[in-house]
Amino acid sequence: MSTAAAPVRSLRAGTVLADLVPASRTRDIALVVGGAALTGLAAQLSVPVPGSPVPVSGQTFAALLVGTALGARRGFLALALYAVAGMAGVPWFAQATSGYGMPSFGYILGMLLASTVVGALARRGADRSVLRTAGAMVLGSALIYAVGVPYLALATGMSIGQAVAAGLTPFLIGDALKVALAMGALPAAWKLVGRRG
């Protein structure tokens with residue numbers, strides 16, 4: 001009887017994937033540090049974009065995945081740790097850079113906001129179906145651009161139109177692929193957890 005009740009309890013509304021790991025302060029610290037490290041590692045998967053100071057990288061996908069898997073609070077803390085450590089000199093921003101003077105730093109600030117929002121949506125079940133996952137990832141990506149593109153314009157002296165052309169348009173196909181990957185991975189993870197429960 002208790003084994004039948006376990007999946008329902010573990011998969012209840014308000015649960016994110018990280019909540020399935022037994023709760024402790026050590027768990028939360030490990031998840032936050034791990035989320036920051038995952039984002040830093042994914043940022044090294046980076047390709048320069050001709051004519052743009054912003055490279056294509058895996059850090060945006062990692063930031064959205066971290067927020068969704070960890071929830072709003074831990075997702076925010078993981079991305080805050082990533083940002084602060086990078087500003088302090090850890091070379092784990094895209095292309096092994098660090099600091100806050102680069103034109104692409106606004107995207108990192110946008111990732112803080114996006115990870116928090118997608119984490120809050122995940123607590124409401126946005127990561128459990130393909131369509132809701134797609135919606136959360138699209139919203140998270142839009143938030144990253146909403147901060148990153150204006151910052152790029154201010155940092156470089158570009159017009160908003162030029163910043164959109166250099167810091168948004170070249171990334172849309174890659175973002176669509178990242179959303180598709182998340183649409184498959186997150187709901188599949190929940191199905192796997194449900195079967196094991």
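User: How much space lies in the largest cavity, and what makes a set of points a cavity?
Analyst: The largest cavity holds about 50 Å³ of space. It is called a cavity because a 1.4 Å probe fits at its points, on a 1 Å grid over the protein atoms alone, but cannot get out. Its volume is the space filled by probe spheres set on the points, which are joined across faces, edges and corners. The structure holds one cavity of 30 Å³ or more. This is a predicted model, in which local features need pLDDT of at least 70 and side-chain atom pairs count only at pLDDT 80 or more, while totals for chains, interfaces and linings use all residues. Residues are numbered from 1 along each chain as its sequence is written, and side-chain values use heavy atoms, with hydrogens and water left out.

User: Which residues line the largest cavity, and which elements give two or more of them?
Analyst: The lining consists of Thr60, Phe61, Leu64, Met137, Ser141, Asp175, Lys178 and Val179; a lining residue has an atom within 4 Å of a point. Helix 3, helix 6 and helix 8 each give two or more residues. Helices here are DSSP runs of H or I with at least four residues, strands are runs of E with at least two, and both are numbered from the N terminus.

User: What is the make-up of that lining by class?
Analyst: It has four nonpolar, two polar and two charged residues. Nonpolar means Ala, Val, Leu, Ile, Met, Phe, Trp, Tyr, Cys and Pro, charged means Asp, Glu, Lys and Arg, and the others, Gly among them, are polar.

User: What makes a set of points a pocket, and how much space lies in the largest pocket?
Analyst: A pocket is an open set with protein on both sides within 12 Å along at least five of seven lines. The largest pocket holds about 270 Å³. It is lined by 22 residues, of which Val54, Pro55, Ser57, Thr60 and Phe171 are the closest to its centre. Strand 2 (56-57), helix 3, helix 5 (105-123), helix 6 (130-156) and helix 8 (172-196) give two or more residues each. By class the lining has 13 nonpolar, seven polar and two charged residues.

User: Why is helix 2 called roughly antiparallel to helix 3?
Analyst: Helix 2 (residues 25-43) and helix 3 (residues 59-70) pack at about 160°, with axes 7 Å apart. That angle makes helix 2 roughly antiparallel to helix 3, because the term applies over 145 degrees. Axes are lines fitted to C-alpha atoms over the stretch in contact, with angles from 0 to 180 degrees between N-to-C directions.

User: Which residues of helix 2 and helix 3 make the contact?
Analyst: Leu31, Gly35, Leu38, Thr39, Ala42 and Ala43 of helix 2 meet Gln59, Ala62, Ala63, Val66 and Leu70 of helix 3, where contact means heavy atoms within 4.5 Å. Eight of these residues are nonpolar, three are polar and none is charged.

User: Why is helix 4 called roughly antiparallel to helix 5?
Analyst: The axes of helix 4 (residues 72-87) and helix 5 come within 7 Å and cross at roughly 165°. Helix 4 is therefore roughly antiparallel to helix 5. The contact includes Phe76 and Leu79 of helix 4, and Ile108 and Met111 of helix 5. By class, this contact has twelve nonpolar, four polar and two charged residues.

User: At what angle do helix 3 and helix 5 cross, and what is the handedness of the crossing?
Analyst: Their axes come within 7 Å and cross at roughly 35°. The crossing is right-handed, a term used if the near helix is turned clockwise from the far one by less than a right angle.

Technical notes: Parallel < 35°, antiparallel > 145°, perpendicular 65-115°, else oblique.
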